[in-house]
Amino acid sequence: MEHQKALGKQRQRRTFRVRKRLKGDAERPRLTICRTLRNITAQVIDDTIGKTLASASTADKELAKAIKYGGNKAAAEAIGKAIAERAAKAGVTKVRFDRGACKFHGRVAALAEAARAGGLEF
C-alpha cells in the first residue's frame, strides 16, 4: 500500500511541475488530457473563468460507437480529431497542451498530432 501511495505522490508532483508553467486564458485555453488503461479524455479549459469549453472522450456515447477499444493509438487519434472539431465550434484555434503526468509518447503523442492535423495550434 505504501508503494502505491508513493507512486501517486510522484504522479501528482509531475502533474504540478507541468501545470505550474501552463495557465489557460481566453485567447489560449489549456488542452488537457487524462489517460487511463481503457479510456482517454481531452478537454479544452479556460482557467480564468474555470470553464470547460470543449471535451471529447472514448467514453462518449457518440464516439464509443466508432471506437472499438479506448486504450490504443487509434482511439487517441479519433479523440484528437474530435476535440479539434469541437474546439473549432467553440471558437478556439490556439491552445496550450497540458500532458499532465504522462510522457509525450504513444497515445498522448497520437492525440496531439491528430489535434494538430484537425486545426489546433500548440
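Q: How many of the 11 residues of α4 are buried?
A: This is a predicted model. Buried means under 20% relative accessible area. In α4 the buried residues are R107, V108, A109, A110, L111, A112, A114 and A115. The helix is largely enclosed by the rest of the structure, because the buried count is 8 of the 11.

Q: Which elements do the buried residues of α4 pack against?
A: Helix α4 covers residues 107–117 and lies across β1, β2 and β4. Its direction is at about 145° to β1. A helix is among its partners too: the buried residues of α4 pack against β1, β2, β4 and α3.

Q: What is the order of the strands in the open sheet?
A: The sheet has 4 strands, with mixed pairing. Its edge strands are β3 (51–57) and β4 (96–98), each of which pairs on one side only. From one strand to the next, the twist averages 20°. Read across, the order is β3-β2-β1-β4.

Q: Which residue in β2 stands opposite I33?
A: Strands in a sheet pair through backbone hydrogen bonds, in either a parallel or an antiparallel way. Here β1 (residues 30–35) and β2 (residues 40–46) pair in the antiparallel sense, over 6 bridges. Opposite I33 stands A42.

Q: Why does the span of helix α3 agree with what it should be?
A: Helix α3 runs over residues 73–89, which makes 17 residues. The expected span is 1.5 Å times one less than the number of residues. That gives 24 Å for α3, so it agrees with the distance between its end C-alpha atoms, 24 Å.

Q: Edge-to-face or stacked: what is the pair of F97 and F104?
A: The structure holds 2 aromatic pairs. In this one, the ring centres are 5.9 Å apart and the planes stand at 90°. Planes over 60 degrees apart count as edge-to-face. So the pair of F97 and F104 is edge-to-face.

Q: Edge-to-face or stacked: what is the pair of F97 and F122?
A: F97 lies in strand β4 and F122 in the segment after α4, 25 residues apart, so the pair links distant parts of the chain. The ring centres are 5.1 Å apart and the planes are at 10°. Planes under 30 degrees apart count as stacked. So this pair is stacked.

Q: Buried or partly exposed: what is F97?
A: Ring pairs link F97, F104 and F122 into a cluster. F104 is partly exposed at 42% relative accessible area, and F122 is partly exposed at 26%. The value for F97 is 15%. Under 20% means buried, so F97 is buried.

Q: Which element has the highest mean pLDDT?
A: The mean pLDDT of the protein chain is 94, and 100% of its residues reach 70 or more. Helix α2 (residues 61–64) has the lowest mean among the elements, 92. The highest, 98, belongs to α4.

Key: Residues numbered from 1 in each chain as written. Predicted model: local features only at pLDDT ≥ 70, side-chain atom pairs only at ≥ 80, totals over all residues. Heavy atoms only, no water. Pairing = 2+ DSSP bridges. Helix = DSSP H or I, 4+ residues; strand = E, 2+ residues; numbered from the N terminus. Axes fitted to C-alpha atoms, helices over the stretch in contact; angles between N-to-C directions. Contact = heavy atoms within 4.5 Å. pLDDT = per-residue confidence, 0-100. Phe/Tyr/Trp six-rings, centres within 6.5 Å; stacked < 30°, edge-to-face > 60°. Buried < 20%, exposed > 50% of the residue type's maximum accessible area, 1.4 Å probe, protein only.
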